[in-house]
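Here's a quick briefing to read with the model open beside you.

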Amino acid sequence: MTEAKSELPEVIVVGRPTVFKFYDEELSKKFRILKSWESSLSLENYICKHAQSVKAMICSPSHIGSQISSSVFRLLPSLRLIVTTSTGLDHIDLVECRRRGISIASASTLFSEDVADFAVGLLIDVVRRISAADRFVKNGLWPLQGQFPLGSKVGSRKVGIVGLGSIGLKVAERLEGFGCTISYQSRNKKPVSYPFYPDVYELATNCDVLVICCALTDQTHHLINKEILLALGKRGVVINIARGAIINEMELVQCLEQGEIAGAGLDVFENEPNVPKELLSLDNVVLTRHIAFLTQDSMRAIYELLCGNLEALFFNKPLISPLLD
């Protein structure tokens, strides 16, 4: 290791954030990056050998496998900051961070527009059967079968947004432009004109589309279950760009197979990268690999956010996107 390299501030990285596929070289010029995923050691053993004195961590929910919690924090007595590349925080033990005085900086609203665009795209794809029609043509079925099943209109839909935060609000604004009727469920009533339902069941009863935009917590785990899906009805469509475990996946599969709802657009799953095999053969389901937030623009923005927050720590400046500070 060169002397200049050893003088750079040390940062441990947990979970292999996607941004490193694009900005690894640039980040490595600014910080001495300790990449736990490149070692055959367990995370705990890697920290003991290479990283006990680090003050900053970059993490991502992908590939972590479990929450970053007290067992990890005990090995990092100097840790002062966690910068997560995600909007969701279910991969971090927030209570333990508060107890230890560890600041957290998140992606905040950085991905909101891209994710909202993707949610709208999934809804259009499902109800207009775009991906199914693409397969129909590519598989040579047009000359053989001719007719293709009809889709349905987007603009006539009654859309319920589950979680009207930054992403949910942008989804609502976009779909309102299509002529959809918007209502929402959230922990608290928001200063908006859309009808508010404190209960998800009541929301589903009054809608034929649910767009899941809420955070994954103990309260929202399996929030969308068979009861909610049956309330949504046979014309109902579910779009999930939040976290897979908010939906009871097996009950969703059953409702789709039995025709209890009309379709689903899923960018996230309970046990990623594993997707229930039953979903793979359903033409009324559109599946993507947790990419709603991934654009060239968002990767550049998250790189700049990472650098800004880390430099703020090492130069004693205010964090750019603090959550716990």
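Helix H2 (residues 20–30) and helix H14 (residues 296–314) have axes that come within 11 Å of each other and cross at roughly 15°. That angle makes H2 roughly parallel to H14; angles under 35 degrees count as roughly parallel, over 145 as roughly antiparallel, 65 to 115 as roughly perpendicular, and the rest as oblique. Keep in mind that this is a predicted model, where local features need pLDDT of at least 70, side-chain atom pairs count only at pLDDT 80 or more, and totals for chains, interfaces and linings use all residues. Residues are numbered from 1 along each chain as its sequence is written, and side-chain values use heavy atoms, with hydrogens and water left out.

**How H2 meets H14**

- On the H2 side, the contact (heavy atoms within 4.5 Å) uses Phe 22, Tyr 23, Glu 26, Leu 27 and Lys 30.
- H14 answers with Met 299, Arg 300, Tyr 303, Leu 306, Cys 307 and Glu 311.
- Sorted by class, the residues of this contact are seven nonpolar, no polar and four charged. Here Ala, Val, Leu, Ile, Met, Phe, Trp, Tyr, Cys and Pro count as nonpolar, Asp, Glu, Lys and Arg as charged, and the others, Gly among them, as polar.
- For the angles, axes are lines fitted to C-alpha atoms, for helices over the stretch in contact, and the angle runs from 0 to 180 degrees between N-to-C directions.
- Helices (H or I, at least four residues) and strands (E, at least two) are DSSP runs, numbered from the N terminus.

- Helix H6 (residues 112–128) has 17 residues and reaches 24 Å from its first C-alpha to its last, close to the 24 Å expected at 1.5 Å a residue. The expected span is 1.5 Å times one less than the number of residues.
- Buried residues in H6 include Val 115, Ala 116, Ala 119, Val 120 and Leu 123; buried means under 20% relative accessible area, exposed over 50%, and partly exposed in between (1.4 Å probe, protein chains only).
- An α-helix has 3.6 residues a turn, so residues three or four places apart point the same way.
- H6 packs against helix H9 (residues 166–177) at an angle of about 50°, with the axes 8 Å apart. The two helices are therefore oblique to each other.
- H6 passes H9 in a right-handed crossing.
- From H6, the contact draws on Ser 112, Glu 113, Val 115, Ala 116, Asp 117, Ala 119, Val 120 and Leu 123. From H9 come Ser 166, Ile 167, Lys 170, Val 171, Arg 174 and Leu 175.
- That contact has eight nonpolar, two polar and four charged residues.

- Asn 309 is in helix H14 and is buried, with a relative accessible area of 0%.
- Leaving aside neighbours within four places in sequence, Asn 309 contacts Leu 81, Val 83, Ala 105, Leu 319, Ile 320 and Ser 321.
- Thr 85 lies in the loop between strand S4 (81–84) and helix H5 (94–100), and counts as buried at 9% relative accessibility.
- Thr 85 and Thr 18 are 67 residues apart along the chain, yet their C-alpha atoms are separated by 8.5 Å.
- Beyond four places in sequence, the contacts of Thr 85 include Pro 17, Val 19, Phe 111, Ile 302 and Leu 306.

**Residues with some exposure**

- Ser 193, in the loop between strand S7 (181–185) and helix H10 (200–205), is exposed, with a relative accessible area of 70%.
- Lys 158 belongs to strand S6 (residues 158–162) and is partly exposed at 41% relative accessibility.
- Not counting residues up to four places away in sequence, Lys 158 touches Thr 181, Asn 206, Cys 207, Asp 208 and Val 209.

- The peptide bond from Glu 272 to Pro 273 is cis, with omega near 5°. Pro 273 is in the loop between strand S10 (263–266) and helix H13 (277–280).
- Arg 16 isn't a glycine, but its phi is positive, near 50°. Arg 16 sits in the loop between strand S1 (10–14) and H2.
- Ser 108 also isn't a glycine and has a positive phi of about 55°. Ser 108 is in the loop between strand S5 (103–105) and H6, partly exposed at 35%.

Technical notes
Left-handed = near helix turned anticlockwise from the far one by under 90°.
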